[in-house]
Amino acid sequence: MQDAIIKGIVPDDKNRRTGIRLSSSREYGKFKISMNTNYIQSNYDVFDDGAMGAYNASQNVGLNNGLMNLIFNTPAHIPLTSYKDFENNPFASYNGYFNDYGLNPYFAIDNWRNTGRSEDLISNVDLGFKATSWLSLTYRAALNMTMNTGRSTSKGEVPTAFGVGRGFASIPGAVSDFANRGSRLSSEAFANVNKQFGEFKFSAIAGHYFRQTDNKNTSVAAGNLVVPELFNVANRTGELAGGSSFSKTRLVSVYGSIGLGYKWANIELTGRNDKTSLLSKENRSFFYPGVSASFIISDAIGAIKNSSVISYLKLRGSWNKTGNVNSIGAYGLSSTFSQASGFPYGALAGFTANNSAPDPLLTPEFVKAWEAGLELSLFKNRVGIEATYFHQDNTDQIIPIAVSSATGFTSSTVNAASFTNEGFEFDLKLTPLIQLGDVRINFKGNATYNTSVVTSVYEGLDEVFAGGFNNFAANFVVRNNPAFVFKATDYLRDDQGRVIVDQITGEPSQDPNNKVFGRTMPLWIVGLNPTVSWKNLTFSVVGEYKGGHTAFHKIGDDMAWIGISKATAVNHRENFVFPNSSYEDPLNPGKYIANTNVTLSNINNFFTGVYRDVASNFLTSVAAWSLRAASNSYDLPKKLLGSAKLIKAVSVSITGRNLYLWLPKSNEYSDPDFNFTTGNTSGVGVSSINPPTRTYGASAVITF
Amino acid sequence: MKKIIIFSMLLLMIATAGCKRDFLDINVSPNSVTPGSISPDLILPRVEHAIASRMATAYRVPASWIGYWARSGTYGPNAEEESYNITTTFGAGEFAGWYDMLTDLDIMEKKANAIGQTFYEGIAKTLKTIGFMYLVDQYNNVPYSKAFDLANNILPAYDKGDAIYADLLVQLDNALVLIKNATVSDNKNIANADIIFGGNQTSWRRFINTQRLKLLVRQSQIPGFNPAAQIAKITADGSGMIGSGQTASVQPGYLADNGKQNPFWNAHEQLYTGDEADNFNRANNFLLNAYRSNTDVRFQYVFDPAASPVNNNTYYGYNYGEVLPNSDPYKAANSSGVGGPGLSKSATQAQWLFTSVESLFLQAEAIQRGWLPGSAQTAYENAVRESFIFLGVTNAVATANNYLAEALPIVSWSLAATPAAKITLIGTQKYLALPGINNFEAWVDYRRIGVPTNLPLSLAPNRAGRVIPLRYQYPQNEFNYNNANVNAEGTINPQSSTIFWDR
């Protein structure tokens, strides 16, 4: 059983997670049955950031989304916490708050709420039958169910005459209720053969797998409540909004493998055929094979077997192909139409084509991968080394590509983008590194180098948008570049890379052609994990380095708009000559003269204008070392527990997470691991993300 | 309990194991309308509404450049717009917005053609000429012949602006034939789905004739341009053009509810919540003075009185681009809004799409140029009277007649001595008749024939010698997703690159 109450760093945010888990198994002779059920319920009551953003958008307010933006909009000398009581303090109220360009964050937190419950039920049952000593049959059924019910509410506010005079509009009282239900049922049956013939070992598996997913989402909303704070959709004017959708998918697979082993060598062949309902009839069935082999050299060669240095040496290699259609959902092969802009008007329906059109003949995406590796232990297993080289060919990746709106659509899901991915992984274990009496120091380290190259994108296309802020700073797939790279706006530059400014205003301009900046995924990831133990006390640290990649910090843009970023205070907010700039020679068009004396004529316009349009100002290297975690734990000595066998073990520990971060100088913003969305996009940080937090904790584990 | 769960899982397994042949054929959406199930009568209402809405509410920027509107004292300057220094991200919604509506029209046209609903097909062709006219008028060369073909032209090449215009006239020929010969009853539900004319063939023919004239008048400054053959088609059709009181407007059943209000009302007068819809756009002093200093009462119809006047300035405007100190007492509430009572009558009013006022001015100019027969003076005076009537001016005809009789160069036909002066006069009065009604047209006429002649430029401190842009930059999305084709258009400078008809 588990029960956790989590309070976020946003005031009033609450989250409670309760789980219960049951598992049991039983054997009846050759039969074995086991069953697991896990139920988790999460109840939440949190600030609804999206609804505040939608309200700001409807007001055409320059204020961007995110609670952090409201805080950026607050000058440093304002005692923000004294504005908590927005109901009684007139200076904290909606109408009276000092800022024309932002709401009192305490008011916002109170007005827009998301409350709800999500429930997960995960249960499975395994039936095993050992027919003979070499044949076993297994049947496994699993059911995953998720249920989400919740509501978003807006209390609403009507401005006073004073507020109207300041240009404040009313915030409608609103409620939106939703209930989503999803289930995933799978059924798998397989036979397993294991037979030893002398020094040879034969194994084989043949199986059948079936999976069905069902989802049903329903929502209903009222955007204009009549009686304030009565959150029932019936309490409204105007039309009811909402929708309902269903989806169902099926997958059927058959698979098998054959393995052969001889004392120190193993080889295995695998194959699988999937049939999915997601693709058209002609493309829905696909097969993918694989082969792997390993040799334990330390057993095979006598000289090594008897060596006092090498205790274990294994070489392994594999090649396989895998296919999937995970990138599309149900009904993903057809373009669709929706009612829009106020329709229906009574009996009059009005539909418009939605903006994406998939290729109806999509095929599965495939990855062909091979890898080779070795495992080596030295000095009686005190030193362990594992090294692997890997190479993957990804072909026909299913991705939505953005297209010119003149095609009739803005995005099309196609089989595009092939890329190769290669690198190596290296693990080192020193156990113990040093042992001095009771003090034992262990060390684990790992390093991964991973690089990729896009080999082709799409017929006639060399690049596609993959996520982020389009026309500003976005993840792109660009041929002959890593997957992915940032493509972002930059200043117009001359042939020497100097920024071209206007000869009169001194102001640079934006280059209409966006440029490729660094990769979005780290090239290197290094982890270090030393552990020191003395008797029952253990102290361990996890350090991590990621490097070689770039991230975009939208907060730099947001802070420039308000004038609170470091850059906007340069030269004491006086006009200055744009560094490393040039202007066009009026007598010699196309030639540029170094700019040493034309200053920016209006730095306010510059920092709120072109400076913010140029995303390269906010792209930085995000190579960083971080102290991800440190913990100190203590196992109570057995003798303290007494002779009563009630308590078997007690362990107490204190832990800290995200303890420290060493950032490069250019990154004045934030921890780059915080991303604005899940999915493919990486390295895009925005102001609606709450800042990273350092956490400390203590725990006690008692085993009965 | 455990047994029940196991048992039910076994049952499910057995049920699902009994595979039928169509076991995997479950991928037809139960949620959305698809290309197979759409029909022209489901597309037409929304696209008619969307076009009218865009024409009436999307041209705040041209309205400001052209001296109609200005930013209220409540807001800080918009440096890019007010210094005319426009970039590839400026106004990008125009390109995508029109292609979005044109896509619906293209789908409707093909679908209607396939099922023999020729009236719908003709309407689609007609409305497409509006969309492509707006695109050419802002971008000159745009994708046309290679557009709407994702499978074969994922990177659509550009067509020349003049070639597009020439083909639009051909499309109007086709539309006219289709609509003229259509059997209305073959066109399912058109009386309801056509929320402009309710499936009235004569009205559509008049609309096509007027749209043809509009495309011709656009090209008046091209040296050697001869519209005679096209004018003959208008004459031959015999239905005439949009006349007095025949404004083409869209009425799906607007009502005072969220997202369902009349678009102009919703954009510039009042939100469904009762809040003021627009405290950004305010009267521009240039237009306000052009009315007030010439005994023209229309300022009270195109502009609102200030909600809280300061110093008894009931009607108060701003100079475009002027940077006012924070201490300036005139804020949004103390100045004149742009949804005047002549334009914003109610949340449920029909949305104009092609007004009689504009049509009469087009005809007056065509007569003055000798393209159409008749008295240019009569046509001109009818057009000015129509403006007063459209705005609902009290005693409209008499007031208009008094105004027409003033010995003021801004209105007097007899004071305009030369044919060129008469074209300028017609253009100037067209300018004074269309604020809020068709802001885009004023920007077109400024580029085409240079009216109004005394328009002041923006007072933005960083204007740096720039003038009112002649066109937009291609949108950044084209540089991203259609790079080779957009770069083939060369460097575009909105200060000097012209639309083909701008000579």
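Two strands are taken to pair if DSSP finds at least two bridges between them. Helices (H or I, at least four residues) and strands (E, at least two) are DSSP runs, numbered from the N terminus. K487(A) stands opposite V516(A) in strand 24 of chain A. The structure is a predicted model, in which local features need pLDDT of at least 70 and side-chain atom pairs count only at pLDDT 80 or more, while totals for chains, interfaces and linings use all residues. Residues are numbered from 1 along each chain as its sequence is written, chains are lettered from A, and ligands are numbered from 1 in the order in which they are written.

Chain A holds 9 helices and 34 strands. Its C-alpha trace spans about 90 × 70 × 70 Å along the principal axes. Of the 704 residues in chain A, 28% are buried. Here a residue is buried if 20 or more other C-beta atoms lie within 10 Å of its own, exposed if 12 or fewer, and partly exposed in between, with C-beta atoms placed from the backbone. Two residues are in contact if their C-beta atoms, placed from the backbone, lie within 7 Å. Among contacts in chain A with a separation of 6 or more, 63% join residues 24 or more positions apart.

The pair K487(A) and V516(A) belongs to the antiparallel pairing of strand 22 (residues 483-488) with strand 24 of chain A, which is made by 3 bridges. The sheet is open and has 4 strands in the order 20-21-22-24 (chain A), with antiparallel pairing. Strand 20 (463-469) and strand 24 (515-519) of chain A are the edge strands, each pairing on one side only. The twist averages 40° from one strand to the next. Axes are lines fitted to C-alpha atoms, for helices over the stretch in contact, and angles run from 0 to 180 degrees between N-to-C directions.

Another open sheet has 3 strands in the order 30-27-33 (chain A), with mixed pairing. Its edge strands are strand 30 (619-621) and strand 33 (684-685) of chain A. Strand 27 (residues 550-553) and strand 30 of chain A are antiparallel and share 3 bridges. A551(A) stands opposite T620(A) in strand 30 of chain A. Helix 7 of chain A packs on this sheet and touches strand 27 and strand 33 of chain A. The direction of helix 7 makes about 30° with that of strand 27 of chain A.

K566(A) lies in the loop between helix 7 (554-562) and strand 28 (581-584) of chain A. K566(A) is exposed because 11 other C-beta atoms lie within 10 Å.

In chain B, helix 14 (residues 356-368) and helix 15 (residues 376-390) pack at an angle of about 165°, with their axes 8 Å apart. Helix 14 of chain B is therefore roughly antiparallel to helix 15 of chain B (angles under 35 degrees count as roughly parallel, over 145 as roughly antiparallel, 65 to 115 as roughly perpendicular and the rest as oblique). Residues of helix 14 of chain B that meet helix 15 of chain B include L360(B), F361(B) and I367(B).

Between the chains, 69 residues of chain A are in contact with 72 residues of chain B. Strand 8 of chain A gives the most to the side of chain A that touches chain B, with 4 residues.
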